Amino acid sequence: MPTPRVVVLGSGFAGLEVVFRLRAELGAGVRLVMVTDYPHFQFKPNSIRLPFGEAHGRDHLVRGPLVDALRDRDVELRVGAVSGLDAAAGVVLTDHGDRLAYDRLVIATGAGVRPDDVPGLAEHARQIWSPGQMLELGRDLRLMAHRASRSHRQRVLFAVPPGNLCSSPLYDMAFLLDTWLRRRHVRDAVEIAFTTFEKTYLSQANQHVHEMTADQFGSRHIDATAGTELIKVGEHEAMYADGDIRPFDLLITFPAQVAAVEYAGLPADDRGFLCCEAQSRAVIGHPEIHAPGDAGDHPVKQAYLATLQGTAAALDIVADLRGADLRGADLRGVADLPGRQMSRQLRLADDGMW
């Protein structure tokens with residue numbers, strides 16, 4: 001029998017977990033191809049530090065080359081963007097003209113953002129999505145701190161808009177900003193406010209995390225409001241569905257997420273996230289295709305969950321190719337992982353480590 005070929009689209013947490021796990025489980029019994037439009041691994045969780053330090057020499061915080069790691073595991077790397085998918089023929093198309101046939105396909109192309117869901121958000125807010133945007137925000141923060149040091153009172157507004165599926169980075173950013181300003185002795189000249197459409201803070205977690213977060217907002221003198229929906233943004237004003245209007249000098253937001261790549265012919269929700277079996281992350285109606293991580297319809301977008309789903313997808317493929325009883329790694333109990341992780345972060349904040 002010919003050696004089966006598994007093509008993995010995307011080089012984030014989920015995609016890398018799949019190729020590493022498949023090579024570990026199947027050895028030379030599988031051909032692995034990774035397709036990515038960016039030949040580096042981006043460690044986005046670390047990018048949240050970029051606004052609070054100089055950009056020079058900090059690339060190592062957020063990215064690292066893929067070539068050596070993939071070569072060591074005999075994974076073929078194709079650099080290019082996905083331009084099409086023929087699921088019936090089992091072929092992926094790239095913008096470089098490649099036609100990659102597959103026996104199994106893993107779609108791990110992740111999520112993007114759609115700031116245009118809120119009129120004015122793209123034009124008048126700083127977004128915390130890409131490392132480049134983080135560096136731009138850093139320049140704004142240094143200018144804002146300089147103005148505050150000259151006794152020009154500043155207003156910073158954080159806003160979690162509807163459609164956001166991973167709000168915790170914006171909470172991190174608010175607490176980091178509070179500490180950063182205090183260390184520069186200008187916190188008293190800067191008003192910080194935080195609004196979120198979530199009914200409770202970090203609604204993906206639990207009531208305990210909500211209460212801990214509320215305590216942090218209170219102790220840091222951050223004016224925070226949950227359950228308020230941002231509907232429009234002007235040059236210096238944010239408007240909410242309840243009629244509230246909040247002025248700002250700097251608006252920081254994490255826009256609504258959508259699928260980074262849409263795949264015609266595969267079942268997806270209204271934001272392009274692929275509909276998957278909960279345990280195996282197999283795309284519904286397509287057992288030969290898996291979508292772990294942010295490309296799938298899991299309601300929480302988070303790196304650790306993407307890694308767990310990558311493991312589940314890999315083991316499902318191993319079970320299919322080898323016939324072993326590994327199908328559907330147990331993902332029960334992961335729903336509260338964001339809550340447990342955030343609880344740890346809040347304890348670090350209490351210890352002054354933020």
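This is a predicted model: local features need pLDDT of at least 70, side-chain atom pairs count only at pLDDT 80 or more; totals for chains, interfaces and linings use all residues.
Biologist: Where is the place of S11?
Modeller: S11 sits in the loop between strand 1 (5–9) and helix 1 (13–26). Those labels come from DSSP runs, numbered from the N terminus: helices are H or I of at least four residues, strands are E of at least two. Residues are numbered from 1 along each chain as its sequence is written, and side-chain values use heavy atoms, with hydrogens and water left out.

Biologist: Is S11 buried or exposed?
Modeller: Buried means under 20% relative accessible area, exposed over 50%, and partly exposed in between, using a 1.4 Å probe and protein chains only. S11 has 11%, so it counts as buried.

Biologist: Which residues does S11 touch?
Modeller: Contact means heavy atoms within 4.5 Å. Leaving out residues up to four places away in sequence, S11 touches L16, M34, T36, Y38, H40, F41 and L66. Take T36: it is 25 residues away along the chain from S11, yet their C-alpha atoms are separated by 5.9 Å.

Biologist: What is the strand order in the open sheet of five strands?
Modeller: Strands of a sheet pair through backbone hydrogen bonds, either parallel or antiparallel. Here, two strands pair if DSSP finds at least two bridges between them. The order in this sheet is 11-18-12-13-14, with parallel pairing. Strand 11 (126–127) and strand 14 (223–226) are the edge strands, each pairing on one side only. Strand 11 runs parallel to strand 18 (residues 250–253), joined by two bridges, and Q127 stands opposite T253 in strand 18. Helix 6 (residues 168–183) packs on the sheet, touching strand 12 (154–160), strand 13 and strand 18. The direction of helix 6 makes about 170 degrees with that of strand 13. For such angles, axes are lines fitted to C-alpha atoms, for helices over the stretch in contact, and angles run from 0 to 180 degrees between N-to-C directions.

Biologist: How do I read the open sheet formed by three strands, and what is its order?
Modeller: The order is 6-7-8, and the pairing is antiparallel. Strand 6 (82–86) and strand 8 (99–101) stand at the edges with a single partner strand each, so one side of each has no neighbour in the sheet. Neighbouring strands of this sheet are turned by 20 degrees against each other on average, direction ignored. Strand 6 and strand 7 (residues 91–94) pair over four bridges; V82 has T94 in strand 7 as its bridge partner.

Biologist: What is the phi of L202?
Modeller: Most residues other than glycine have a negative phi. L202 is not a glycine, but its phi is positive, about 50 degrees. L202 is in the loop between strand 13 and helix 7 (207–219), and is buried at 4%. R281 also is not a glycine and has a positive phi, of about 65 degrees. R281 is found between strand 19 (257–259) and strand 20 (282–283), in the loop, and is buried at 3%.
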